[in-house]
Amino acid sequence: RSGGSSGSRKQWYQRRVRETALNHLLTPVFEMSLKLSFCLVFLPAIALCWYNAVLDFPHGPSVENYVMWSPDETESMQSALSICSWFRSTSTDNNNRWWLSYQQTSGDVEDILLADRVSGAGLFSASMGLSSPVLEKYKWFHMCMTWDLATRTVFLYVDGKSVGSKGTASGRKLPAGGVFVLGQEQDAVGGRFDATQAFVGELYQLNMFERALTGQEIERVFNRGRCAGSDPALVRDILVSWSDVLEAPRFGDVRIKKSTCSMWHLVKDYIDTDLLEHLIKYHGH
């Protein structure tokens, strides 16, 4: 390049260096975005494909709409567990509508219950007896239930804050070998559903852990936001991951659909915050 002052040549050179560096950084990010979009349509068996995928339980509550499976990992949940998920209820009434139930014994004795209202939470066939806060419809919430045999206490958290706790019987363990059902409350193992209790809405990033997460850990997960990937510090504690859940058998009209999350949330754990802001700004131009 010829002509111009030495200052303008220096600025031109610096700009080209920045653009080259950004292009090298952006290329794999854009490729990841394309891969994620491609995966959701063509390659659902690959775990990476499940980013930005939600489980949708459609309007018109029905006993036909559910996800059901019996994971081997319940053996590792007998003495401690945490179940956390983002959910959004779109039902038009104020019934308890259960988005998760776990049952191992025949009869109306659910071992774990989680609903779109805190009053629906229960462990070992006993309600936690909570009545607040009231959770708005059409709004995303993060809910976690934790329990361990050592403390004999079950805690419920909503949006990173504890909303209640309850003691459990001494020596009581979670029975292994049961059935998880998403979207329905079980009155028998894997069945006897009631449409008035069927969940209507969306689930996202449901994970089950082999220990009782601390309040600080749960608050951190919430503060990371719905669109963040799994907390790197907690990945090794996950027994049943979101990808495992999405690969479980679906029935009725339950479907996987793309959410509104951006690819930038997925990579933010691996890129410096200041650089990420520059990348987003650069990409916007």
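Buried means under 20% relative accessible area, exposed over 50%, and partly exposed in between (1.4 Å probe, protein chains only). This is a predicted model, in which local features need pLDDT of at least 70, side-chain atom pairs count only at pLDDT 80 or more, and totals for chains, interfaces and linings use all residues. Residues are numbered from 1 along each chain as its sequence is written, and side-chain values use heavy atoms, with hydrogens and water left out.

**Exercise 1.** Determine which residues of helix 2 are buried and which are exposed.

*Solution.*
1. Helices (H or I, at least four residues) and strands (E, at least two) are DSSP runs, numbered from the N terminus.
2. Within helix 2, residues 215-224, the buried positions are Glu217, Ile218, Val221 and Arg224. Viewed down the helix axis, the buried residues fall within an arc of 120° (directions from the axis to the C-beta atoms), so they line one face.
3. Gln216 and Asn223, on the other side of helix 2, are exposed.
4. The cover over the buried residues includes strand 8 (140-148) and strand 9 (153-158).

**Exercise 2.** Locate the disulfides and state the handedness of the links of cysteine 84 and cysteine 144 and of cysteine 227 and cysteine 261.

*Solution.*
1. With a disulfide defined as a pair of cysteine sulfur atoms within 2.5 Å, the whole structure holds two.
2. Cysteine 84 pairs with cysteine 144, sulfur atoms 2.0 Å apart. Cysteine 84 belongs to strand 3 (residues 80-89) and cysteine 144 to strand 8, so the pair ties together parts 60 residues apart in sequence. The S-S torsion is about 120°, so this disulfide is right-handed.
3. Cysteine 227 is joined to cysteine 261; with -75° about the S-S bond, that link is left-handed.

Terms used:
Arc of directions from axis to C-beta. Contact = heavy atoms within 4.5 Å.
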